[in-house]
There are 2 protein chains.
Amino acid sequence: MRQRIAVIGGVASGPAAAAQAKRVDPEVGVVLFEQGPDISYGACEMPYYVADQIPSDDTLVMLTPERFEQTRKAEVRVRHRVLGIHPKRCRLDVKDIATGRITEERFDKFILATGARARLPEFEGAEAPNVFPMRQLDDARRLKEYLGAHRVQHAVVLGGGYIGVEMAEALRARGLRVTILERSGNLLHAYLDDDLLPLVQDVAHRHGVVVRREQAVGFVLDGEGAVKAVRTDKGEMIGCQVVIAAMGTRPDTELAEAAGITLGTTGAVAVDARMRTNLPNVWACGDCIEVERVIDRRKVYLPLAPVAFRTARVAATNAARRGRVAPARFPGVVGASAVKVFELEVATVGLRLDEARAAGFDAFATQIKHWSRVPIYPGAKPLHVRLVVERGKGRLLGAQLVGEEGAALRADVLVPCLRDRWAVAQIKDLDLIYTPPFAPALDPLIVAANEAAKRVGRG
Amino acid sequence: MRQRIAVIGGVASGPAAAAQAKRVDPEVGVVLFEQGPDISYGACEMPYYVADQIPSDDTLVMLTPERFEQTRKAEVRVRHRVLGIHPKRCRLDVKDIATGRITEERFDKFILATGARARLPEFEGAEAPNVFPMRQLDDARRLKEYLGAHRVQHAVVLGGGYIGVEMAEALRARGLRVTILERSGNLLHAYLDDDLLPLVQDVAHRHGVVVRREQAVGFVLDGEGAVKAVRTDKGEMIGCQVVIAAMGTRPDTELAEAAGITLGTTGAVAVDARMRTNLPNVWACGDCIEVERVIDRRKVYLPLAPVAFRTARVAATNAARRGRVAPARFPGVVGASAVKVFELEVATVGLRLDEARAAGFDAFATQIKHWSRVPIYPGAKPLHVRLVVERGKGRLLGAQLVGEEGAALRADVLVPCLRDRWAVAQIKDLDLIYTPPFAPALDPLIVAANEAAKRVGRG
């Protein structure tokens, strides 16, 4: 009998896993289950779709279910909710949402790609028609429809993380007033050390975004059940016509837990480097798992698309491989991400200073301000580079870059350095490109590494 | 008696060496000799000054001689030509160009920073008032004065290397017609493998630059000794009012050779990793030396400012150090550079395919076209990435990137990879940043590394 693999979840890692399984073994039967109507879409593009910078929701979908089946040769069942998996019995319970019919199916292997869920307010109104998490394509579609059909002047965004600031920018672009409620008072505080936070606050402020060091504790609903005001922990009442729930995500581990699959310390599914769970015929990948950060060898929860794609390929290769195909290994992450905040690029790689110290490193940070191009070249912009460094050896542990251009790609330069455990003294000797239109004679990375190397006594 | 160090040459590496020597030992007497009127200027910025994108020649000078003396505490003698060095006798002959007076001075140590000279046509008229090399700040000043004072409609540029294309763009920006004579017929052929060359030709063509596969063999002079036409090897006669000599540079080794200093295989001064020449009290740095390329351990001539700055620091540290100061070592180069050609960024790191093969590698190249940002994000541009890879191990040997944005900084990402001798299979696993405004879900570097890894059977 033909081997059958079930892939559960269809946003990013699921389709990647299904396609890879068919590539590794075209004979294997692969079925992809997704409870929503869409698969294979770019969730990170949604704020730009809301801002009308990306024309239609179609362009966010990389492959429709039909097209996916045609080109990837895996079967796709959208609007099918997997109710339970029974790895020992090689069975899966699935509900066709359209008909309500529940069936049991046989599979030899399971790949969990259940992804993450948006955290929602834990008080009445969280399900109100004008409260929008920003996780699924349908969330963005519903928000745009709502904005088109209602007179919306003021939006309250719950949370100042990267989705919060991206949505604030998108809604400002549509002409709305925007207030972000952020308990810490600082936008992107999980991305940046304190010294760089004012740059983000300033740019948000310049663009008319109000940031309040408050937390929502309740909603005031109107007669139709829509939120008409947000109550905060400071006893304030903030009138609004739309609420964006950007309070972060948590791994969707419901099915895994019910099946007896072990979670890790972060609360996400625990996997080894081959993406194996504790059950012999279950692999997991994407936003429902935790991964190893190579810098401190800790498990971290890092729900980012590139990690999802990579872990999906590893999980699927190992689930589908036969005979002489070598097992695939996931080499862990450095942790690299960036976010646009109006005209600012904010990028971070590796550990923040407080993370480094919490991980047991005797660490310090140096921060410099230099230029994105030769300063006298038109369009050159200031660029702030902060390096987190281990005292003694001078090993680089992390970096944060903030500026109007050249932050994200320069952060990428440090990814191989972090992976190979470089010292800042090695980075200062890198022969990075110099040419006036693209980079100054001493690249900002070199200037920062020079400063840091002096501090460790190797300058 | 106080130790004295002579630094010969004042453009980039000379001032860097003089400043570093004083940093290492504030007691040492340092004298910097420069035959021209300026020191410490940005030669790479000159095309943008000619194009009026950089406002004045002042801004190209980082430090005037006076300011250099004040801040760096080294003595500066501009308009002084060193006629000969006598390391054994610890003597130096120097001519004050203003007065014509020649004196002999005692120095304990010498740092050669004589830089490079522009290659000039080897026929009559090379010294004509409207023939401009583009090497010294005075060349750019003279050209701008000439363009201001004469009716110049057509410029002929001799050579299609990076200075040739930068000057072509600068002169087009001033409204001139421009013809480049390039023997190979291809612009930037020393930068790129053949497959990428048409992209450069096309953009130059679109901007009205005429490229002719011809070579100048003579000038036709007018009554005042100015060039009024260029004669080519195809018997053509090209009328023009200005000629730019962008035929490359050669190391200025005259003083070194006369002093008995050994040159390397490239024709530049041979130095070890401590920047020592064959003479015990002579160090050399900058555009007059050859350096080791770490990829193939060959000596190469790479007259680039970042290399000049770094070798200067090493030479000066070792010349000035006393007691417990550890000797400095130059770790060699990867070879990374970029050039703007109208709207294109052209970047190259490491070896071209033909260079790799000439160096004895069993090499192949893969080339992909992807996007600088998420393709549906406004402003995303195609980006071509070509990787040169060693068969078998899959080791990366070099890369070329061409596109309208994100080429140069992405090339930088490969610099640490080349230095640590990475295989393409390692590069494809890098967790580079993904966020729609700055980079697509699979960065072009990852897409290229995936392609290359497939070719070596490790995809």
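Predicted model: local features only at pLDDT ≥ 70, side-chain atom pairs only at ≥ 80, totals over all residues.
User: Where do the domains of chain A run, and how far apart are the centres of domain 1 and domain 2?

Analyst: The domain assignment puts domain 1 at 4-35 + 43-117 + 250-320, domain 2 at 120-247 and domain 3 at 343-455. Taken over C-alpha atoms, the centres of domain 1 and domain 2 of chain A are 29 Å apart.

User: How do you know that chain A and chain B are related as by a two-fold rotation axis?

Analyst: Superposing chain A on chain B takes a rotation of 180° with 0.0 Å of shift along the axis, and the RMSD is 0.0 Å. The two copies are therefore related as by a two-fold rotation axis. The same surface serves both copies, as 100% of the contact residues of chain A recur in chain B.

User: Which residue of chain A comes closest to that axis?

Analyst: That is A:Val413, whose C-alpha is at 2.0 Å.

User: What makes up the side of chain A that touches chain B?

Analyst: Each chain brings 50 residues to the contact. On chain A, helix H8 (305-320), strand E21 (336-341), strand E22 (344-350) and helix H10 (407-419) each supply at least two residues. H10(A) has the largest share, 9 residues. The side of chain A divides into 35 nonpolar, 6 polar and 9 charged residues.

User: Which residues touch the most other members of the largest nonpolar core?

Analyst: That core has 330 residues, and the ones touching the most other members are A:Ile111, A:Val346, A:Leu396, B:Ile111, B:Ala284 and B:Val346. To follow one of them, leave aside neighbours within four places in sequence: the contacts of B:Ile111 then include B:Ile5, B:Val7, B:Trp283, B:Cys285 and B:Ala319.

User: How do you know that the span of helix H5 of chain A agrees with its number of residues?

Analyst: H5(A) covers residues 162-173, and at 1.5 Å a residue its 12 residues should span 16 Å. The end C-alpha atoms are 17 Å apart, so the two values agree.

User: Why is H5(A) called mostly covered?

Analyst: Of its 12 residues, 10 are buried. A residue is called buried because 20 or more other C-beta atoms lie within 10 Å of its own. Among the buried ones are A:Tyr162, A:Val165, A:Glu166, A:Met167 and A:Leu171. Just after the helix, A:Gly175 takes a positive phi of about 90°.

User: Why is A:Lys73 called partly exposed?

Analyst: A:Lys73 has 16 C-beta neighbours inside 10 Å. Buried needs 20 or more and exposed needs 12 or fewer, so A:Lys73 counts as partly exposed. A:Lys73 sits in the loop between helix H3 (65-72) and strand E3 (75-78) of chain A. Its phi is positive, about 65°, although it is not a glycine.

User: And A:Phe342, what makes that residue partly exposed?

Analyst: A:Phe342 has 16 other C-beta atoms within 10 Å, so the call is partly exposed. A:Phe342 lies in the loop between E21 and E22 of chain A. It is not a glycine, yet its phi is positive at about 55°.

Definitions and conventions: Residues numbered from 1 in each chain as written. Chains lettered and ligands numbered in written order. Least-squares fit on C-alpha atoms with pLDDT ≥ 70 in both. Contact = placed C-beta atoms within 7 Å. Helix = DSSP H or I, 4+ residues; strand = E, 2+ residues; numbered from the N terminus. Nonpolar A, V, L, I, M, F, W, Y, C, P; charged D, E, K, R; others polar. Core = buried A, V, L, I, M, F, W, Y, C linked by C-beta atoms within 7 Å. Expected span 1.5 Å × (residues − 1). Domains from an automatic or database assignment.
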